[in-house]
Amino acid sequence: MELKHSMNLLASRYSLVFKILIFFMIVTAIAVAIMVSIMTPAMDPLFLAIEDAGIVNKVLDTGMGMFLRHIDYAEGMDILTMQYDTLLGIVAEYESELLLFYILTWIVLFFYRLIVSMTSIPIADSIDVYMNTSVHKSLIGSFAENLWVSLKYAFCATIINSLINTGLGIMTYQLIMSTVVNWGIVSFSVALLLLLILLSIKYSLLLGWVPIIVNEKKKVLVAFKDSIVKCKSWFKYGFLCSFILYLFVIAGIVLLGATTFFIMVPIIIVSEMVLLRIIELVCYYNVNKKRYYVDRNTIIKPREELY
């Protein structure tokens, strides 16, 4: 039911998706431009050394030969292993350049995530006003009104999510590497399923963070603590909704991305960003037994016996 009401709200406020999409594309374009300007001086010597060694061409030729059965599998693996060892040797010669590149990349990605996260509070505030009054509040107005709170939330959320997501990424990688020999492609499916479950758990634990900030006007860290303490009230609703949403997003990216030359991918990602904020508010309102609009003519009154 929460997901259904959230989809209705998304349909009512779908203009937010296009506004956030424009913002998202501008920020992404700037980040990519900065990354390219960083990558060119830092990585050109490494790329030139790899090109001079002919590693890419040898790997492609060997892979195609193995696929067409022109090269024996064992012989092909020996060639690929030799090229891999050559690559490691070249990379070892450019450790200082790579270290600088990693540091600069991390800084750019941190600020990119920080700026994108600053949209969470304005989106939630605009949706919250609509749920209470059925009035469309300007996203720019919400952003200006909540600028300082958005910055504090984005800073905390970026650090917390970066730490958690890094840990989940490492765990998923280790799971794949430890099972791929015995399980083959199944290991990727199992690792992806486990990753989605863990991401849904993380989302459910932090589900109340933004609604508490927006609705109760509490400070960022106080709202974070309250979200963890009260998570059992909305955990099962948030977990189920987010897990289903993540599955649909992956399916949408794979199917629509491939058939539309990835034109739909940014729209899917931004729609997910907005819908996650809506789910948080819907679960928060339902748990707290508060009425809310899903469109101009429909008011939802949560049934007490369900919560």
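Colleague: How much of the protein chain counts as buried?

Modeller: Of its 307 residues, 40% are buried, meaning under 20% relative accessible area with a 1.4 Å probe, protein chains only. Keep in mind that this is a predicted model: local features need pLDDT of at least 70, side-chain atom pairs count only at pLDDT 80 or more, and totals for chains, interfaces and linings use all residues. Residues are numbered from 1 along each chain as its sequence is written, and side-chain values use heavy atoms, with hydrogens and water left out.

Colleague: And what secondary structure does the chain have?

Modeller: There are 13 helices and 2 strands, taken as DSSP runs (H or I, at least four residues, for helices; E, at least two, for strands) and numbered from the N terminus.

Colleague: What box do the C-alpha atoms fill?

Modeller: Roughly 70 × 40 × 40 Å along the principal axes.

Colleague: Switching to helices, how do H10 and H13 cross?

Modeller: The axes of H10 (residues 209-216) and H13 (residues 265-287) come within 9 Å and cross at roughly 70°. Axes here are lines fitted to C-alpha atoms over the stretch in contact, with angles from 0 to 180 degrees between N-to-C directions. The two helices are therefore roughly perpendicular, the label for 65 to 115 degrees.

Colleague: Which residues meet there?

Modeller: From H10, Val210, Pro211, Ile212, Asn215 and Glu216; from H13, Arg277, Glu280, Leu281, Tyr284 and Tyr285. Contact means heavy atoms within 4.5 Å.

Methods. Angles under 35 degrees count as roughly parallel, over 145 as roughly antiparallel, 65 to 115 as roughly perpendicular and the rest as oblique. Buried means under 20% relative accessible area, exposed over 50%, partly exposed in between (1.4 Å probe, protein chains only).
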